[in-house]
Amino acid sequence: MVRLCESWFGSIRIALTLFGFRQSVYSVRTSPPFSCSLTQFSPGISTSETVCNNARIPSAFMSNLSSMSSAPHTKARCPLYPGSDTRRFPVPDDKLKWEIKWAEYKPVNYTAPSVLKKPVWADPDIGSFSPRFNALDGLVDRRSHVATYKVEQGKPINPCGRTGLTGRGLLGRWGPNHAADPIVTRWKRDSTGQRVLNKSSKLPVLQFVSIKRKDCGEWAIPGGMVDPGELVSLTLQREFSEEALNTLKMSSMEKAKLSERIARLFSSEGLQVYKGYVDDPRNTDNSWMETVAVNFHDEKGDSVSGLPLQAGDDAGQVSWVDIDSTLKLYASHSEFLKVTAKERHAHW
């Protein structure tokens, strides 16, 4: 996507491959022009299957993904930037795309004080270093999951449009900031061990491990940022362990007791449900969130179901939560759960 990918035409089949995870295959239709909303993703039309890296890749997984919001790229235009008193320059839907000329556009520049203090996870200011955008820059991956992005006056441009704010906000990297979201699920069971069915859909109910974020108070998938040079597969396990099990505060003996069960879950075949741009309230014109969301399912309920959940790191609370269409979660997390439920043939 170069400024919203309007140079792409036709129907493109994308078979996402990542560390042996079983993955959904999307058919991306770009006429009318591609939008950063998930509404543009539709199921593949082939019913064949492919075997890749010992992972089964069905070609038709999903029913239609509903919109993340009433308009694309909405949370990234929230009026008040999170964690601050800074208000964005208002961007109406008809002025979202960069292709639309808008001389009156005067975005507010803001980078959070915590980022300006130059922590190890943040880039320096543009001008004081020379990043290699759209490339692997040393250990820092500055490539987008979406496509090649524009760079103007030395700064990367958000491929999904205007946000009303320049700078980095709360994000450390110029350009894409890569995260990983582990969706850990199990079946909801009654006192006899039988799967609980939803009364309306008659489908079994999935539960997922959810955390309540300390920064905004919203419930979310326990994900986090990919460290420079780190494999996404390791990020998924590390973030779940730190945020949902509070392993950072555990003794070596306590960690050892949990390690086998955690390893068994995360060494199982994972389902990659999403890889791309995230409509996140922290996004700016020059910095934005992208993620890889992978579902790890405890089918028998014998790996993580009995683990003592304990909030840690960025989490205020942690709990098993029933997956349902009424859930209101952080960023695009509800959409990730919808895909997971559909693929697992569970209630939504």
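**A tour from α4 to the cysteines**

Just after α4, histidine 345 takes a positive phi of about 55°. The model is predicted: local features need pLDDT of at least 70 and side-chain atom pairs count only at pLDDT 80 or more, while totals for chains, interfaces and linings use all residues. Residues are numbered from 1 along each chain as its sequence is written, and side-chain values use heavy atoms, with hydrogens and water left out.

Stay on histidine 345, in the segment after α4 (333-343). Helices (H or I, at least four residues) and strands (E, at least two) are DSSP runs, numbered from the N terminus. Histidine 345 is exposed, because its relative accessible area is 61%; buried means under 20% relative accessible area, exposed over 50%, and partly exposed in between (1.4 Å probe, protein chains only).

Next, select α4. Ten of its eleven residues are buried, among them His333, Phe336, Leu337 and Glu343.

Now go to lysine 118, in the loop between α1 (113-116) and β8 (136-137). Phi of lysine 118 is near 60°, a positive value in a residue other than glycine. Most residues other than glycine have a negative phi. Lysine 118 counts as exposed because its relative accessibility is 66%.

Cysteine 78 has 18% relative accessibility, so cysteine 78 counts as buried. Cysteine 216 has 38% relative accessibility and therefore counts as partly exposed.

How many disulfides are there? A disulfide is a pair of cysteine sulfur atoms within 2.5 Å, and by this rule the count comes to zero.
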